[in-house]
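Here is a short briefing to read alongside the model. Take a look at the structure first, and then we can walk through the sheet and the surface together.

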Amino acid sequence: MTIIEKIELGLIPALATLTGTWSALLPTQIGLGRLCLLVSALLLGQSLIRDLVLLARNRPLAGNSQQPAMRCLCLESTIGSSGIVAGALVLGLGLDYPIDMPFWLWSIVTAAVLTFGFVIKDYVLQWRPFGFYRDKDHINIVVKW
């Protein structure tokens, strides 16, 4: 496990605790669509921050354009984007079912989403041929359709 991964693992309970501390400012009831949007945005935000840290740490060489082109997408981005679309559909269709969110549940949701994002961060969804595979360095893959 790298130092960056250890830092990220340490930040998960810290952010969950911070969410619990500030949960008085969060709603005690939220619609299903909004919750789906928030959870998906958190997952995508985690992925974005991780990718920016990796890009800043491992800057590619200017002349190095030998990156593989594949028909694939990061699993974390796929799930996060799908959640954004699903949340928007639920809101747009007026199916926003209210969910009670006690203060302690905000911390659990935050910890669960960030832990899930950490677990799936190295997986890629490939569609030709269809399947999942693990690639720790998939930030260097050029996505093609």
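How many residues lie between β5 and β6 in their hairpin? The answer is 2. This is a predicted model, where local features need pLDDT of at least 70, side-chain atom pairs count only at pLDDT 80 or more, and totals for chains, interfaces and linings use all residues. Residues are numbered from 1 along each chain as its sequence is written, and side-chain values use heavy atoms, leaving out hydrogens and water.

**The sheet**
- Strands β3, β5 and β6 form, in that order, an open sheet of 3 strands with antiparallel pairing (strands are DSSP runs of E, at least two residues, numbered from the N terminus; two strands pair if DSSP finds at least two bridges between them).
- The edge strands, each pairing on one side only, are β3 (72-74) and β6.
- From one strand to the next, the twist averages 25°.
- β5 (residues 123-127) and β6 (residues 130-134) are joined by 5 bridges, and W127 stands opposite F130 in β6.
- Between β3 and β5 there are 3 bridges, with L73 partnered by L125 in β5.

**The helix on the sheet**
- Helix α3 (residues 75-92) packs on the sheet and touches β3, β5 and β6 (contact means heavy atoms within 4.5 Å; helices are DSSP runs of H or I, at least four residues).

**The surface**
- I3, in helix α1 (residues 3-21), is exposed, with a relative accessible area of 65% (exposed means over 50%, with a 1.4 Å probe and protein chains only).

Definitions and conventions. Buried < 20%, exposed > 50% of the residue type's maximum accessible area, 1.4 Å probe, protein only. Axes fitted to C-alpha atoms, helices over the stretch in contact; angles between N-to-C directions.
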